[in-house]
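Here is a short report on one chain. It covers ring pairs and a sheet.

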Amino acid sequence: MNEPLVSIVLLNWNNLPDTLQCLTSIENQRYRNYNIIVVDNGSINDASEEMIREHPEVTVIRLEKNRGYTGGNNIGIKNALEGNPHYLWLMNNDATLHPDCLRNMIDAVDKDETIGLASPCIFSGYNKEELIYCGGYIDMQRRVTANAKNIHEIKEWEAIKPQKVILWGTALLI
C-alpha cells in the first residue's frame, strides 16, 4: 500500500537553530512519504544556504519581507499544492517531534474521513511530561474559549460539541 504524500510547510524567521532542529526531527519521522518546504519569512540574515547544506532535500523559499504567519504559510501552501499532496502539515519551526508523530496522525485521519484537521498533543520543550495543548473549545456566541486539560476532556468535547473544537497551528495537519 502506498502511503499518502504529505507536504510539510515550515516557517523560518530569524531563528535558524530552531529551524534546523525542527528539520532534523521531521527527518527522524518513521513515516517517510513527505516533502518539506521552508519559507524563510524575511529573515535578516539569509539562512537558506545553510538549511540547504544541512538538509539538501528541503525546498527553501526566501521572501524579502516578513509576510506574517498566514502570508508565509499561504506561499508555502501554494508551492506545496503544485506537488498534489494528500495532506498539508503546517509546522512551527520551534516544534520538535516524536518519531511516530506523523505516522500516528496519518493513521488516525485515514481511519475517519470526517476528520479535516488534526494536531498532535503538544508538550513542553523543557518538561517532556508537561502537556501544553491537546485541543480547545470555542463558543463564539458566548465568547468563551477553553483549552482542554487532558486528552479525555478533548475527547468529550469532540463527542458532544465537535463543531466547537479548535486546534493550534503549531503542527496542524490538513
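## Aromatic pairs

Y137 has a relative accessible area of 7%, so Y137 is buried (under 20%; exposed is over 50%, partly exposed in between; 1.4 Å probe, protein chains only). The model is predicted: local features need pLDDT of at least 70, side-chain atom pairs count only at pLDDT 80 or more, and totals for chains, interfaces and linings use all residues. Residues are numbered from 1 along each chain as its sequence is written, and side-chain values use heavy atoms, without hydrogens and water.

Two aromatic pairs are found. Rings of Phe, Tyr and Trp (its six-membered ring) pair if their centres lie within 6.5 Å; planes under 30 degrees apart are stacked, over 60 edge-to-face, the rest tilted. Y133 and W168 are stacked, at 3.8 Å centre to centre and 10° between the planes. Y133 is buried at 1% relative accessibility. W168 is partly exposed at 34%. The rings of Y137 and W157 are tilted, with centres 5.7 Å apart and planes at 50°. W157 is buried at 10%.

## A charge over a ring

The charged end of K161 sits over the ring of Y137, 4.2 Å from its centre. The rule: NZ of Lys or CZ of Arg within 6 Å of the ring centre and within 35 degrees of the ring normal.

## The sheet

Five strands form an open sheet with mixed pairing, in the order β3-β2-β1-β4-β10. Strands are DSSP runs of E, at least two residues, numbered from the N terminus; two strands pair if DSSP finds at least two bridges between them. The edge strands are β3 (59-63) and β10 (171-173). β1 (residues 6-12) and β2 (residues 34-41) pair in the parallel sense over seven bridges. L11 stands opposite V39 in β2.

Definitions and conventions
Helices (H or I, at least four residues) and strands (E, at least two) are DSSP runs, numbered from the N terminus.
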